[in-house]
Amino acid sequence: MKKITVPQMSATAVMAAVLCVLGPLSVPIGAVPISLTPLAVYLAVFLLGKNKGTLAVFLYILIGLAGIPVFSGFSGGPGKLFGPTGGYIISFVPMAYIAGLFIDRYGNRWPMQVAGMLLGLLLCYAFGTAWLAFVSGYSFSAALAVGVLPFIGFDLAKIAVSFFLGRTLRERLEKTKLYASIR
């Protein structure tokens, strides 16, 4: 197993911090809020790659699990993670890995990168909806209506913004010597 360097640890911690800053920013519209967390997840994997980007997301979840208010609505703790929206939060880890896998593997083939981001989002929707139905006692279709349908447009916009912002930042960072040390 390849060891992680100090610059890589630092970059991973910075992206976990970005998640902690953007994660609480949300608009409550019902049982599931509109959150900026998916945008930050995609930025993490664009800038750090699948492994370190996924690690940053995992660290973010651990910080929230410890009770620091980094989840939507400035909440945190086990109650939030194992509550109705916990499935969406937990699924950010595989979402990051899948999106990162496609982003890393298909460097200049943007349709495949977007496909990976969409696939990760679909996994997040599936697991989050199943968890919401289980915890809240909703039928799967009711949980889908509450936890997915109102968010599709917003999440597609987050994919577009994170795609263009992530690619732009990555291209600019690749021109520096610093970027090679964090990848």
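How many cavities of 30 Å³ or more does the count come to? Some notes on that and on a few helices and residues follow.

1. **Ground rules.** This is a predicted model, in which local features need pLDDT of at least 70, side-chain atom pairs count only at pLDDT 80 or more, and totals for chains, interfaces and linings use all residues. Residues are numbered from 1 along each chain as its sequence is written, and side-chain values use heavy atoms, with hydrogens and water left out.

2. **The cavity.** The count comes to one cavity of 30 Å³ or more. Here a cavity is a set of points, on a 1 Å grid over the protein atoms alone, where a 1.4 Å probe fits but cannot get out.

3. Lining residues (an atom within 4 Å of a point) number 20, and Val 32, Pro 33, Ser 35, Tyr 88 and Phe 92 lie nearest the centre. Two or more residues each come from strand 2 (34-35), helix 2 (37-65), helix 4 (86-90), helix 6 (110-136) and helix 8 (152-174). Helices (H or I, at least four residues) and strands (E, at least two) are DSSP runs, numbered from the N terminus. By type, the lining divides into 13 nonpolar, five polar and two charged residues.

4. **Helix 5.** Phe 92 turns up again here, among the buried residues of helix 5, together with Met 95, Ala 96, Ala 99, Gly 100, Phe 102 and Ile 103. Buried means under 20% relative accessible area, exposed over 50%, and partly exposed in between (1.4 Å probe, protein chains only). The expected span is 1.5 Å times one less than the number of residues.

5. **Helix 1.** The 17 residues of helix 1 (residues 6-22) should span 24 Å, and the end C-alpha atoms are 24 Å apart, which agrees. Its buried residues include Gln 8, Thr 12, Met 15 and Leu 19, and helix 2 and helix 9 (177-182) are among what covers them.

6. **Leu 81.** This residue of helix 3 (residues 78-81) is buried, at 4% relative accessible area. Beyond its neighbours within four places in sequence, Leu 81 is in contact (heavy atoms within 4.5 Å) with Ile 61, Leu 65, Phe 71, Gly 86, Ile 89, Ile 90 and Trp 131.

7. **Phe 74.** Worth a look: Phe 74 has a positive phi of about 55° although it is not a glycine. Most residues other than glycine have a negative phi. Phe 74 sits in the loop between helix 2 and helix 3 and is exposed, with a relative accessible area of 54%.

8. **Arg 170 and Glu 171.** Both are in helix 8. Arg 170 is buried at 13% relative accessible area, whereas Glu 171 is partly exposed at 44%. Leaving out residues up to four places away in sequence, Arg 170 touches Phe 46, Leu 47, Ile 103, Asp 104, Tyr 179 and Arg 183.

Methods. On a 1 Å grid over the protein atoms alone, a cavity is a set of points where a 1.4 Å probe fits but cannot get out, and a pocket is an open set with protein on both sides within 12 Å along at least five of seven lines; lining residues have an atom within 4 Å of a point. Grid points are joined across faces, edges and corners, and a volume is the space filled by probe spheres set on the points. Ala, Val, Leu, Ile, Met, Phe, Trp, Tyr, Cys and Pro count as nonpolar, Asp, Glu, Lys and Arg as charged, and the others, Gly among them, as polar.
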